[in-house]
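This briefing is for a reader who is new to the structure shown below. Please look over the sequence and the model before going on to the points that follow.

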Amino acid sequence: MKSAALSLGVLIACTNAWAVTPGTHWDYFGEAGPENWARLTPEFGACAGKNQAPVDLSGFVEADLAPLQLSYAAGASKVVNTGHTIQAVYEPGSHLTLDGKRFDLLQFHFHMPSENQIKGQSYPLEGHLVHADENGNLAVIALMFKDGEQNAALARLWSAPPAVGQAQPISPAANVTDLLPANLDYYRFNGSLTTPPCTEGVRWLVLKQPVVASHEQIEALKKAVGHSNNRPLQRLNARIILQ
């Protein structure tokens, strides 16, 4: 159990959008931008891989995908502005069951505009729920937001997102279930983390039904980070998208 706990702690660090390799600066623009990630350090070499995310989800293959099995408690206890994203830290105990394995929910964060596209459509905001099993295998549930009314679940997380480098508590802790749509049908593909080190072998589950957030809420997130934070689309290569 001690080694499993240690591994989980390492995973939490590695799946934070900001803490990957100490001393290695990466960004969404300029010389440290996405087109150069793989050349910044050998540890980012996977960013030039063949199974990268995000992708444009299209050309679907029909499959008998099992319904999502989610067991989420109120665990979003703190929100952090990493400079790359706004991220909510999740306390242990919530999980996704997938392929007969338990994937613990570590954190969720946001990209403005969306990283993945669905049939060529981009969305103004995308949320990523990052999970890991006991062996370090990763699974991400992606959630699209479209412009609309104020999102009460987002408003519950903060009155205003924290400034870069700042953190603020969420009290009482929030349940990420409140962000999710009623319909949990999803697309599935094999991909990677969308930030360095771009680790491959990530199980991606992209929810088909978007939810709404107000233009003001989306702009507040973008303003807090200071820039767009979406990695460009990657080639699908030989992969298929299941639905």
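## Strand pairing, a disulfide and aromatic rings

Aspartate 147 has alanine 213 in S13 as its bridge partner. The structure is a predicted model.

**Strand S9 and its partners**

- Strand S9 spans residues 138-147, and eight of its 10 residues are buried, which leaves the strand mostly covered.
- Strand S13 (residues 211-213) pairs with S9 in the parallel sense, over three bridges.
- S12 also runs parallel to S9, and four bridges join the two; here alanine 139 stands opposite arginine 203 in S12.
- Strand S8 (residues 125-132) pairs with S9 in the antiparallel sense over eight bridges.
- Leucine 138 in S9 stands opposite alanine 132.
- Five residues lie between the strands in the hairpin of S8 and S9, where glycine 136 takes a positive phi near 90 degrees.

**The disulfide**

- The structure holds one disulfide, formed by cysteine 47 and cysteine 198 with their sulfur atoms 2.1 Å apart.
- Cysteine 47 lies in the loop between helix H2 (37-40) and strand S1 (56-57), and cysteine 198 in the loop between strand S11 (186-192) and strand S12 (200-207), so the pair ties together parts that are 151 residues apart in sequence.
- The link of cysteine 47 and cysteine 198 is right-handed, with 80 degrees about the S-S bond.
- Both cysteine 47 and cysteine 198 are buried.

**Aromatic pairs**

- A pair of aromatic rings is described by the distance of the centres and the angle of the planes.
- The count of aromatic pairs comes to nine.
- Among them is the edge-to-face pair of tryptophan 26 and tyrosine 28, at 5.6 Å centre to centre and 75 degrees between the planes.
- Tryptophan 26 counts as buried at 2% relative accessibility, and tyrosine 28 counts as buried at 11%.
- Tryptophan 26 and tryptophan 37 have ring centres 5.4 Å apart and planes at 80 degrees, so this pair is edge-to-face.
- Tryptophan 26 lies in the loop between helix H1 (2-15) and H2, while tryptophan 37 is in helix H2, so the pair ties together parts that are 11 residues apart in sequence.
- Tryptophan 37 has a relative accessible area of 0% and is buried.
- Tyr90, Phe108, Phe110, Phe145 and Trp158 are linked into a cluster by ring pairs.

Technical notes. Residues are numbered from 1 along each chain as its sequence is written. This is a predicted model: local features need pLDDT of at least 70, side-chain atom pairs count only at pLDDT 80 or more; totals for chains, interfaces and linings use all residues. Side-chain values use heavy atoms; hydrogens and water are left out. A disulfide is a pair of cysteine sulfur atoms within 2.5 Å. Buried means under 20% relative accessible area, exposed over 50%, partly exposed in between (1.4 Å probe, protein chains only). Two strands pair if DSSP finds at least two bridges between them. Rings of Phe, Tyr and Trp (its six-membered ring) pair if their centres lie within 6.5 Å; planes under 30 degrees apart count as stacked, over 60 as edge-to-face and the rest as tilted.
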